[in-house]
Amino acid sequence: MQCSSNKIEKQFLDTENKGPVRLNKYLSEAGVCSRREADKLIAAGQVTVDGVRAETGMKVEPWQVVRIGKKQVSRQEEMIVLAVNKPRGIVCTEERRERDSIVRFLNYPVRITYVGRLDKDTEGLLLITDDGQLAHQLLSPKKHVDKTYFAVTEGKVVPEDIEKIRLGVDIGDEKPTLPGKLEILRTWEENVERKNVEGESGAVIANSNAAGHKADPEGSIWCSEILLTIHEGRFHQVKRMMEAVGKKVIYLKRISMGPLILPENLAKGQARELTEEELAA
Ligand code: URA
């Protein structure tokens with residue numbers, strides 16, 4: 001990461017800094033001009049908030065985009081970079097109106113974006129920043145930042161799968177994936193309670209475990225715990241790579257991005273600033 005020279009803003013969830021402020025105050029605190037001058041600029045129609053002409057006396061939320069002419073005004077002098085342990089059910093979108101959006105979940109007092117999206121049902125390490133350029137830099141496919149995932153699959157992962165993943169797999173895109181590193185941590189057979197779900201004819205049509213996964217005729221399901229390291233960030237990439245070797249991902253958690261490892265003491269749903277060492281890595 002190229003952000004060692006930046007200090008981290010210390011305002012996270014500081015209630016004093018939450019909430020709307022008068023636009024003229026916002027502009028003067030950004031060091032752009034005095035409040036009186038700000039009022040003049042607003043009256044002259046030179047200020048926009050989220051692309052709409054501002055009005056005298058209006059208030060702005062800290063995450064709104066304020067511009068004088070084409071130039072964006074920012075009250076932030078220091079870059080924010082946070083590590084978040086994203087829980088299941090939260091959506092990676094900047095859309096605050098979305099009830100389960102990551103930005104609404106974090107309720108951070110300034111506009112933020114995420115680095116490297118995770119699916120709604122994926123947990124784990126997500127980077128959050130207010131620096132769109134940093135996000136872009138880190139996300140750039142050319143960077144090939146390693147991302148490691150812990151996953152549970154339905155279906156037994158076998159050594160041949162390691163080799164297939166090592167060579168790259170066809171996941172239905174134009175090109176096969178870059179080589180990935182697959183490690184099998186554990187494999188087990190889950191005995192499934194016979195449910196004897198009966199069709200109209202009275203014949204048994206399905207056996208399933210508690211999660212509703214179909215069992216084989218003997219009534220068992222093989223599962224594996226794996227680590228998969230990939231170098232790209234394609235849509236549903238881990239799920240599709242495992243699907244390409246015939247396994248279904250039923251649990252997924254990102255545990256590292258480049259040199260950054262999901263902090264052990266970062267509980268699900270919590271966020272913390274990166275340390276200087278982490279930023280310098
Ligand atoms: N790969 C996936 O399939 N899902 C994620 O959320 C991240 C990587």
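Author: An oxygen atom of the ligand sits 3.1 Å from a polar backbone atom of Lys239. The protein covers 95% of the 240 Å² of accessible area that the ligand has on its own (Shrake-Rupley method, 1.4 Å probe). This is a predicted model: local features need pLDDT of at least 70 and side-chain atom pairs pLDDT 80 or more, while totals for chains, interfaces and linings use all residues. Residues are numbered from 1 along each chain as its sequence is written, and side-chain values use heavy atoms, without hydrogens and water.

Reader: Which residues surround the ligand?

Author: Leu118, Asp119, Thr122, Tyr149, His236, Gln237, Val238, Lys239 and Leu252, taking residues with a heavy atom within 4 Å.

Reader: What is 2.8 Å from an oxygen atom of the ligand?

Author: An N or O atom in the side chain of Thr122. For Val238, a backbone N or O atom lies 3.1 Å from a nitrogen atom of the ligand.

Reader: What gives the most to the shell?

Author: Helix 6, with three residues. Helices here are DSSP runs of H or I with at least four residues, and strands are E runs of at least two, numbered from the N terminus.

Reader: Which residues of helix 6 are buried?

Author: Gln237, Val238, Lys239, Met241 and Met242, where buried means under 20% relative accessible area (1.4 Å probe, protein chains only).

Reader: Other topic. Why does Ser220 count as buried?

Author: Because its relative accessibility is 7%. Ser220 is in strand 14, and its side chain is joined to that of Glu189 by a polar contact of 2.9 Å.

Technical notes:
Buried means under 20% relative accessible area, exposed over 50%, partly exposed in between (1.4 Å probe, protein chains only). A polar contact is a pair of N or O atoms within 3.5 Å; within protein, one must be able to donate a hydrogen and the other to accept it, and residues adjacent in sequence count only if both atoms are side-chain atoms.
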